[in-house]
Amino acid sequence: MCKVICTATCKGGDGKTTSTVNISAYISKRKKVCVVDLDPQHSLTTHFGVRQSELKACKTIYDIFFYLIDHDDIDDEELSELVHSCVIHTSEVDLIPSTTKLARLVKLLPSATNCEHLLEYALSFIKEEYEYIFLDSHSGFDLFCHNALACADSVLIPVEANIFGCEGLGEVLPIINGLKKRMNPHLSIEGILFTKYRARTKNNQSFRELVYRDFGNIHIFAPIIPERTSVSEAPSFGMSIHEYAPNSDAAAAYAEVAEEVMSHA
Ligand SMILES: Nc1ncnc2c1ncn2[C@@H]1O[C@H](COP(=O)(O)OP(=O)(O)O)[C@@H](O)[C@H]1O
Ligand SMILES: [Mg+2]
């Protein structure tokens with residue numbers, strides 16, 4: 001059985017991509033994992049060490065969406081072959097990469113039949129081959145993110161313990177609830193994860209308490225991801241924190257979160 005997990009927040013910079021990379025990379029040591037980059041800014045692709053120049057002759061998530069937008073009568077065999085041809089085997093995970101080209105589909109996507117469920121259909125051809133599929137999209141609930149939420153089993157919400165993070169959390173939950181009702185009734189919340197945390201600052205502490213007070217009915221991961229230079233440096237080397245700084249406290253925190261994710265049904 002495959003579990004599909006996506007990240008979502010209203011604003012950028014909360015640690016969606018970083019968390020997707022570091023949780024999926026840890027889990028991939030023991031499980032079959034695929035990650036899908038749904039962001040035209042392609043940070044996930046870059047973080048796993050795949051450069052845009054390498055992708056010029058490769059099929060990417062753009063080609064999958066384009067095929068589905070462009071074909072009314074889908075040839076399942078052809079689509080399955082296309083989806084498989086997009087998968088890159090990196091040293092850590094299998095990756096369906098993204099490029100800036102994906103942005104060209106923003107205007108075309110709404111005109112496709114069943115436009116919020118295209119990814120769901122595409123992933124059905126590889127789902128049996130993986131135990132976990134992680135989906136990372138751009139901030140702000142664009143249609144690619146809707147596609148992710150339409151086929152995810154759960155959504156993980158990274159949050160910074162500050163005023164913007166708390167405001168964002170207040171906005172993100174009603175949106176997820178609405179999309180759950182309309183598109184994917186079995187979507188659950190994997191949990192809220194504090195990222196980029198500065199334990200010594202009063203501000204971070206008090207906003208963390210506020211989140212526990214206001215959102216205590218939702219699962220909040222006990223491990224907290226500290227703000228560390230090693231976490232922000234790791235993408236430059238195309239590595240997760242588990243490869244770049246395996247003995248760091250940030251790697252340990254992400255490992256704990258990943259263990260917890262694996263313990264969830
Ligand atoms: N724990 C952390 N410590 C230091 N920098 C971090 C940490 N988590 C994320 N970052 C940095 O913050 C920025 C935004 O993170 P990112 O994961 O790209 O956010 P999002 O995908 O939500 O836009 C990136 O430059 C990333 O390297
Ligand atoms: Mg991102």
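Which hand does the crossing of H7 and H8 have, left or right? The crossing is right-handed; the helix pair is described below.

## Model and numbering

This is a predicted model, in which local features need pLDDT of at least 70, side-chain atom pairs count only at pLDDT 80 or more, and totals for chains, interfaces and linings use all residues. Residues are numbered from 1 along each chain as its sequence is written, and chains are lettered from A and ligands numbered from 1 in the order in which they are written.

## Annotated domain

An unreviewed UniProt entry places the feature "domain: AAA" at residues 3-189. UniProt positions follow the numbering used here, feature names are shortened, and annotations may be inferred rather than shown by experiment. Over residues 3-189 the chain is 40% helix and 16% strand. The end C-alpha atoms of this stretch are 13 Å apart. Helices (H or I, at least four residues) and strands (E, at least two) are DSSP runs, numbered from the N terminus.

## Around ligand 1

The shell around ligand 1 holds 18 residues. A residue is near a molecule or strand if its C-beta atom, placed from the backbone, lies within 6 Å of it. Lys16, Thr17, Thr18, Val231 and Ser232 come nearest.

Helix H1 (16-27) and helix H9 (229-233) each supply at least two residues of this shell. H1 gives the most, with three. By class, the shell has three nonpolar, ten polar and five charged residues. Ala, Val, Leu, Ile, Met, Phe, Trp, Tyr, Cys and Pro count as nonpolar, Asp, Glu, Lys and Arg as charged, and the others, Gly among them, as polar.

## H7 with H8

Helix H7 (residues 163-183) and helix H8 (residues 202-214) cross at roughly 15°, and their axes come within 9 Å. Axes are lines fitted to C-alpha atoms, for helices over the stretch in contact, and angles run from 0 to 180 degrees between N-to-C directions. H7 and H8 are therefore roughly parallel. Angles under 35 degrees count as roughly parallel, over 145 as roughly antiparallel, 65 to 115 as roughly perpendicular and the rest as oblique.

The crossing of H7 and H8 is right-handed. A crossing is left-handed if the near helix is turned anticlockwise from the far one by less than a right angle, and right-handed if clockwise. Ile163, Gly165, Cys166 and Leu169 of H7 meet Phe207, Leu210 and Val211 of H8. Contact means C-beta atoms, placed from the backbone, within 7 Å. Six of these residues are nonpolar, one is polar and none is charged.

## H3 with H4

Helix H3 (residues 61-70) packs on helix H4 (residues 76-86) at about 165°, with axes 9 Å apart. The two are therefore roughly antiparallel. Their crossing is left-handed. Ile61, Asp63, Ile64 and Tyr67 in H3 meet Leu79, Leu82, Val83 and Cys86 in H4. The contact has seven nonpolar residues, no polar ones and one charged.

Definitions and conventions
Two residues are in contact if their C-beta atoms, placed from the backbone, lie within 7 Å.
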